[in-house]
Amino acid sequence: MNPSTLYLVQSSYHATPKIIDELSHLFQAGDQIIFMGDSVARLSAEMIQQFESISCLSIEKDLIDTDTLTQINVLDYDQFADLVLTFNRCISFK
């Protein structure tokens, strides 16, 4: 099991910048962030450049512009499930 933290961001479109600001204070090397739902549509390359491990689900990748998408790991459901199972600690932001 991974001792780092997995952050699941399921916030609204408008709340996403505030969540990213919170994450900038919490995120440590080895942590992983997965953006889901409406939060994906709000992402920009500038917002996430400070984080090293960002992902989204494959069904939501069309909500992201191409510049931002180059910085994001796109996961299918099997990869998502496998990733979740590797972490001891998971924090959800809604």
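Predicted model: local features only at pLDDT ≥ 70, side-chain atom pairs only at ≥ 80, totals over all residues.
A residue counts as buried when its relative accessible area is under 20%, as exposed when that area is over 50%, and as partly exposed in between, using a 1.4 Å probe and protein chains only. Residues are numbered from 1 along each chain as its sequence is written, and side-chain values use heavy atoms, with hydrogens and water left out.

Let's start with the overall build. The protein chain has five helices and five strands; here helices (H or I, at least four residues) and strands (E, at least two) are DSSP runs, numbered from the N terminus. The C-alpha atoms fill a box of roughly 35 × 30 × 20 Å along the principal axes. A compact globule of 94 residues would have a radius of gyration near 12 Å, and the protein chain has 12 Å, so the two agree. (That radius is taken over C-alpha atoms, and the globule rule is 2.2 Å times the number of residues to the power 0.38.)

Now for the strands. Two strands pair if DSSP finds at least two bridges between them. Strand 2 and strand 3 run parallel and are joined by three bridges, with Ile34 partnered by Ser55 in strand 3. Strand 3 also pairs with strand 4 (residues 73-75), again in the parallel sense and over three bridges; there, Cys56 has Val74 as its bridge partner. In a regular strand the side chains alternate between the two faces of the sheet. Strand 3 is covered on both faces: Ile54 and Cys56 are buried on one side, Ser55 and Leu57 on the other.

Helix 1 tells another story. Its residues Thr16, Ile19, Ile20 and Leu23 are buried. Looking down the axis of helix 1, the buried residues fall within an arc of 100°, so they line one face of the helix; the arc is that of the directions from the helix axis to the C-beta atoms. On the other side of helix 1, Lys18 and His25 are exposed.

Next, look for rings. The structure holds two aromatic pairs. Rings of Phe, Tyr and Trp (its six-membered ring) pair if their centres lie within 6.5 Å; planes under 30 degrees apart count as stacked, over 60 as edge-to-face and the rest as tilted. Tyr7 and Phe93 have ring centres 6.1 Å apart and planes at 35°, so this pair is tilted. Since Tyr7 lies in strand 1 (residues 2-9) and Phe93 in strand 5 (residues 87-93), the pair ties together parts that are 86 residues apart in sequence. Tyr7 and Phe93 are both buried. The other pair, Phe27 with Phe51, is edge-to-face, at 5.2 Å centre to centre and 70° between the planes. Phe27 and Phe51 are buried too.

Finally, zoom in on Thr5, which lies in strand 1. Thr5 has 4% relative accessibility, so it counts as buried. Setting aside neighbours within four places in sequence, Thr5 is in contact (heavy atoms within 4.5 Å) with Asp31, Gln32, Phe87, Arg89 and Ile91.
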